[in-house]
Amino acid sequence: MRVIAGVARSIPLKSVKGDKTRPTTDRIKETLFNIINPYLYDAYVLDLYAGAGGLGIEALSRGAKRAVFVDKSKEAASVIKENLDKTHFSDRADVYTGDVSDMCATMNADGPFDVIIMDPPYGRGYWRNVLSLLSKTRLVNENTLVVVEEDLSDDLEEGNIYGGFKLNRIKNYRHNRHLFFSLNKNI
């Protein structure tokens, strides 16, 4: 795993040991960031289910102003801090250890974020619950872009409205996909 582009380009990142995290492959990360790059300059980014922090660090490397990382695992938080030190982004980032749902409910003072990236465990529906929570906080506003990485087998609901968010775009890959959301202004 490495930083794909920007000021920290090619710097290798440490991974969390074991199989509890699933780093986004370089190819998929490059595709994702080609899509969201216009949203990143001077952006405040929230990386939920951050794992080793690769997505939030990529955002910082590509011009984001600040990133906040949230992961339940203390080991993941430690790896994120090491990767931030290695890429020299520690002064532009905060790392929180805790349950994502709990953190979303208590982080109101940190928002709103311009971009929220979420890579939860597949097949458990966590992202749906988090979208519902986010829509009731000051972490998002009408300009916030929320990106969710999930498994292709997860069924999407008709109407494309999830917890106050509208599904605007889907990018499918071989085994997974990215979903792109914004607040639904009609609710």
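User: In this predicted model, which residues does Val115 touch, not counting residues up to four places away in sequence?

Analyst: Val115 touches Ile36, Tyr39, Leu40, Tyr44, Val45, Leu46 and Leu145, once residues up to four places away in sequence are set aside. Val115 itself is found in strand β4, and the C-alpha atoms of Val115 and Leu139, which are 24 residues apart along the chain, are separated by 10.0 Å.

User: Does that make Val115 buried or exposed, and why?

Analyst: Val115 counts as buried because its relative accessibility is 0%, and the cut-off for buried is under 20%.

User: How should I read the sheet, and in what order do its strands stand?

Analyst: As a general idea, strands of a sheet pair through backbone hydrogen bonds, either parallel or antiparallel. Here 8 strands form an open sheet with mixed pairing, in the order β3-β2-β1-β4-β5-β8-β7-β6. Because β3 and β6 (161–162) stand at the edges with a single partner strand each, one side of each is left without a neighbour in the sheet. Within this order, strand β1 (residues 44–48) pairs with β2 in the parallel sense over 5 bridges, and Asp47 stands opposite Phe69 in β2.

User: Which helix lies across β4, and at what angle does it run?

Analyst: Helix α5 (residues 126–134) runs at about 155° to β4 (115–118), and α5 also lies across β1, β5 (145–151), β6, β7 (165–172) and β8 (176–183).

User: Turning to α3, how many residues does this helix have, and how far does it reach?

Analyst: Helix α3 (residues 74–87) has 14 residues and reaches 20 Å from its first C-alpha to its last, which is close to the 20 Å expected at 1.5 Å a residue.

User: Which residues of α3 are buried, and where around the axis do they lie?

Analyst: The general idea is that an α-helix has 3.6 residues a turn, so residues three or four places apart point the same way. In α3, the buried residues are Ala76, Ala77, Val79, Ile80, Asn83, Leu84 and Thr87. They cover an arc of only 160° around the axis, and therefore lie on the same side of α3.

User: What do these buried residues pack against?

Analyst: The buried residues of α3 pack against α2 (54–61), β2 (66–71) and β3 (93–97).

Definitions and conventions:
Residues are numbered from 1 along each chain as its sequence is written. This is a predicted model: local features need pLDDT of at least 70, side-chain atom pairs count only at pLDDT 80 or more; totals for chains, interfaces and linings use all residues. Side-chain values use heavy atoms; hydrogens and water are left out. Helices (H or I, at least four residues) and strands (E, at least two) are DSSP runs, numbered from the N terminus. The expected span of a helix is 1.5 Å times one less than its number of residues. Buried means under 20% relative accessible area, exposed over 50%, partly exposed in between (1.4 Å probe, protein chains only). The arc is that of the directions from the helix axis to the C-beta atoms. Contact means heavy atoms within 4.5 Å. Two strands pair if DSSP finds at least two bridges between them. Axes are lines fitted to C-alpha atoms, for helices over the stretch in contact, and angles run from 0 to 180 degrees between N-to-C directions.
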